[in-house]
Amino acid sequence: MLASCIRAELVKLRRAPIWIVFVALPGVSALIGCANYQSNLGVITPGWANLWTQQTLFVCYFFLPALLGAGCSFLWRQEHQGSNWNEFMVQPVPIRDLVLAKFCVGSLMSLLAFISIVVFYVGSGVVIGVPGAFPAARIAEYVVLGILGSLVVVAIQLDVSMVVRNFAAPVGIALAGGVSGVIATVAGFGNIWPYSLLQTGMNSNELVDLSMASVIQIVILSAVYISGALAWACRRLSRRDVVATM
Amino acid sequence: MTGDKDALQIIPPAARRPGMVRQVILEFEKSKRKHLWLICAAMLGVLLLWFGYQSARQVEVTTDYRVLLYSLPTVNAVFLPLLSAVVASTVCDVENRANTWKQLLTMERAEDLFCAKWLTCALVLAVVVTVEVAAASVIGGGLGFQSIPASECFVLWVSTLAVCLFVATVVECLCLFIANQFVPLVVGVALSFLGLFSMYLPPAISVFVPSSYFGLMSTVGMSYNAATGVITWSTVTWPVGYLALIALLTAATFVISLRAFARKEL
């Protein structure tokens with residue numbers, strides 16, 4: 001059932017411009033970060049670590065949360081239009097699968113963004129000839145934890161977009177969430193606040209210490225936030241009356 | 001026949017075209033329960049929180065009010081393009097979702113509808129920018145900075161609102177032509193993104209990025225002496241040329257969009 005629901009969600013996104021944006025924006029960020037890295041070689045220590053900082057700093061703080069917010073809004077927007085909400089609710093599948101399918105497609109958007117980030121990072125690093133050995137293990141750790149953190153954002157934004165029947169408002173909430181994540185990280189709550197986990201995982205400016213204990217904490221809290229958000233969405237859909245007005 | 005004639009006379013011709021004020025009020029009525037003011041307040045709250053946090057660290061170095069005028073456009077470049085896009089999208093998307101274009105245009109002229117939506121966005125953004133500038137002054141004063149002169153506040157208000165109106169005009173145009181609201185919102189995100197990055201680019205390049213005008217129209221210059229580590233703030237003449245350019249671009253976008261919208265089959 002879940003596989004059918006995911007297929008249905010993907011069909012709804014057919015020919016939507018959404019996928020291009022998740023590839024292009026990290027690409028633009030990588031290009032600008034690369035130019036910034038090159039022009040500041042006199043100030044910074046040349047190496048893969050600094051290139052990672054330059055390319056991902058602003059993406060993970062502000063723009064990836066906002067982009068994921070827009071993606072989640074897009075996933076729910078179709079259900080909020082016309083009588084689609086009624087049709088959505090009477091599908092002969094468990095509500096859990098409907099919610100999980102949206103989460104899986106949201107996760108796919110996040111995965112695409114991270115693939116784009118890594119491809120541009122490695123590609124641009126090779127092209128400009130960054131010195132030193134490529135820190136494969138460290139980057140893999142940042143990417144995996146970053147993806148996990150981004151899934152928390154996806155799960156929460158899906159809840160927001162499900163409740164708020166306005167396309168634009170959840171995107172603003174996502175940007176505000178990203179900034180609240182920065183503030184929480186600076187205040188020392190980077191391993192706790194849901195919108196900080198993405199930034200902590202990607203560790204763009206090395207504000208946090210990614211020790212084994214921190215990694216375990218991030219993994220556990222991400223799992224708790226994701227399952228909590230999805231459980232809340234299922235519960236709300238099961239218990240609240242259907243409202244399909246414009 | 002007499003009955004039909006009476007029925008036709010019930011609606012006087014003047015009532016078919018409500019005035020602009022009534023149309024703007026109608027737009028505000030439509031945006032009820034769309035959380036427009038709430039989302040503006042939330043984004044403004046986070047913007048001011050960030051600004052306050054930055055300023056609290058800088059007040060330990062200097063109490064010069066120009067620090068505030070330099071850092072506020074930086075924060076604006078991240079938040080206000082997206083906030084402007086959110087406002088424009090919320091105001092315009094009402095008709096897309098309810099598919100009321102044809103019905104609306106039997107009662108209102110397309111030009112009037114376009115202007116009413118633009119004015120609604122402009123009013124909301126004017127309120128947001130006014131509250132922002134006032135709150136920034138209060139935060140600065142509360143933290144111990146010198147008070148910002150009223151003339152500088154006015155310059156900041158005009159500069160900030162001008163850029164917001166340009167972004168809102170572009171996004172309104174996109175919202176009215178593309179039913180998929182993902183595109184206008186991504187434009188807002190991209191403008192925020194480029195606005196932040198443009199601060200690291202030379203003015204010759206950043207002049208092509210609309211959201212970089214928050215910083216370009218700043219009346220404060222900053223120079224850093226790497227040898228002594230001292231930052232010096234200076235007052236620069238208000239670059240009115242940039243204001244004229246952004247106003248011209250806004251007017252051109254507005255006129256082109258208005259004409260295209262009036263001719264569009266909805």
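Which residues touch the most other members of the largest nonpolar core? In this predicted model, they are A:Phe63, A:Ala66, A:Leu67, A:Ala155, B:Val87, B:Leu125 and B:Val189. That core holds 144 residues.

## Chain B in outline

Chain B has 266 residues, of which 41% count as buried. Its secondary structure consists of 12 helices and 2 strands.

Along the principal axes, the C-alpha atoms of chain B fill a box of roughly 90 × 35 × 30 Å. Contacts within the chain can be sorted by separation in sequence. Among those between residues at least 6 apart, 79% join residues at least 24 apart.

## Where chain B meets chain A

The contact between the chains takes 30 residues from chain B and 28 residues from chain A. On the chain B side, α4 (36-58), α5 (66-98) and α9 (182-197) each supply at least two residues. The largest share comes from α9(B), with 10 residues.

By type, the side of chain B that touches chain A divides into 22 nonpolar, 5 polar and 3 charged residues.

## The nonpolar core

In soluble globular proteins, nonpolar side chains tend to be buried together. The largest nonpolar core here has 144 residues, and both chain A and chain B have residues among the members that touch the most others.

One of these is B:Val189. Leaving aside residues up to four places away in sequence, B:Val189 touches A:Phe63, A:Ala66, A:Leu67 and A:Ala70 from chain A, and B:Leu82 from chain B.

Technical notes
Residues are numbered from 1 along each chain as its sequence is written. Chains are lettered from A and ligands numbered from 1 in the order in which they are written. This is a predicted model: local features need pLDDT of at least 70, side-chain atom pairs count only at pLDDT 80 or more; totals for chains, interfaces and linings use all residues. Helices (H or I, at least four residues) and strands (E, at least two) are DSSP runs, numbered from the N terminus. A residue is buried if 20 or more other C-beta atoms lie within 10 Å of its own, exposed if 12 or fewer, and partly exposed in between; C-beta atoms are placed from the backbone. Two residues are in contact if their C-beta atoms, placed from the backbone, lie within 7 Å. Ala, Val, Leu, Ile, Met, Phe, Trp, Tyr, Cys and Pro count as nonpolar, Asp, Glu, Lys and Arg as charged, and the others, Gly among them, as polar. A nonpolar core is a set of buried Ala, Val, Leu, Ile, Met, Phe, Trp, Tyr and Cys residues joined through C-beta atoms within 7 Å.
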